[in-house]
Amino acid sequence: MTLRRSSAPYAANCPVRDVLDRLGDRWSTLVLQALEPAPLRFSALQRQVDDVSKRMLAKTLRGLEEDGLVTRTVFPSKPPAVEYALTPLGRSFVPHIAALVQWATDHHDSIRASRLAYATVDRAAA
């Protein structure tokens, strides 16, 4: 999976940009969070992250697998059963997701109030 990368000379060696290219997308942290309690099959994972399309979930899982955060296990059955699980690296990221979720929960009302205030400011006067 090729990510859109910055053309800035330092960007290729920047670990923050590299990691956030993946984890800053819309679905990756939600998928990692959903996999935290236990491995899940694709359809169960899609039910957990219910507003993701099959195509985007598959793309997200491929990227997380490519980065070593998720494993994909195919079980020999008809049709083949596929299960996704966190790797130790993926599991090590879960506490950071939990901290972000807690911060968002603690400050969501303030952020929404700021957005509302910003939207109601007369932009023409500025």
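## Terms and basis of the model

A residue is called buried when its relative accessible area is under 20%, exposed when that area is over 50%, and partly exposed in between, with a 1.4 Å probe and protein chains only. This is a predicted model, in which local features need pLDDT of at least 70 and side-chain atom pairs count only at pLDDT 80 or more, whereas totals for chains, interfaces and linings use all residues. Residues are numbered from 1 along each chain as its sequence is written, and side-chain values use heavy atoms, with hydrogens and water left out. Helices (DSSP runs of H or I, at least four residues) and strands (runs of E, at least two) are numbered from the N terminus.

## The salt bridge

One salt bridge is present in the structure, the term being used for a side-chain nitrogen of Lys or Arg within 4 Å of a carboxyl oxygen of Asp or Glu. Its partners are R91 and E36, whose side chains meet at 3.9 Å, N to O. Because R91 belongs to helix α5 (residues 88-120) while E36 sits in the loop between α2 (28-35) and β1 (40-41), the pair ties together parts that are 55 residues apart in sequence. E36 is partly exposed at 32% relative accessibility, and R91 is also partly exposed, at 39%. Side chains of opposite charge can pair when their charged atoms come close.

## Helix α4 and its two sides

Helix α4 (residues 54-66) has 13 residues and reaches 18 Å from its first C-alpha to its last, close to the 18 Å expected at 1.5 Å a residue; the expected span is 1.5 Å times one less than the number of residues. Its buried residues are L57, T60, L61, G63 and L64. Seen down the helix axis, these fall within an arc of 160 degrees, so they line one face of α4, the arc being that of the directions from the axis to the C-beta atoms.

The buried residues of α4 pack against α1 (15-23), α2, α3, β2 and β3 (81-86), whereas the face turned away from them carries the exposed residues K54, R55 and R62. Just after the helix, G68 takes a positive phi of about 80 degrees.

## The nonpolar core

A nonpolar core is a set of buried Ala, Val, Leu, Ile, Met, Phe, Trp, Tyr and Cys residues joined through side-chain atoms within 4.5 Å. The largest one here has 21 residues, and those with the most contacts inside it are V31, L32, L35, L45, L61, L64 and V70. At least two residues of this core come from each of α2, α3, α4, β3 and α5, and α2 gives the largest share, four residues. In soluble globular proteins, nonpolar side chains tend to be buried together.

## Contacts of selected residues

Contact here means heavy atoms within 4.5 Å, and neighbours within four places in sequence are left aside for each residue below. On that basis V70 is in contact with L32, L35, L61, L64, E65, Y84, A85, L86 and T87. T87, in the loop between β3 and α5, is buried, with a relative accessible area of 10%, and is in contact with G68, L69, V70 and T71.

Q46 lies in helix α3 (residues 42-48) and counts as buried at 18% relative accessibility, touching V52, S53, K54 and L57. F75, in strand β2 (residues 70-75), is partly exposed, with a relative accessible area of 37%, and its contacts are P80, A81 and E83.
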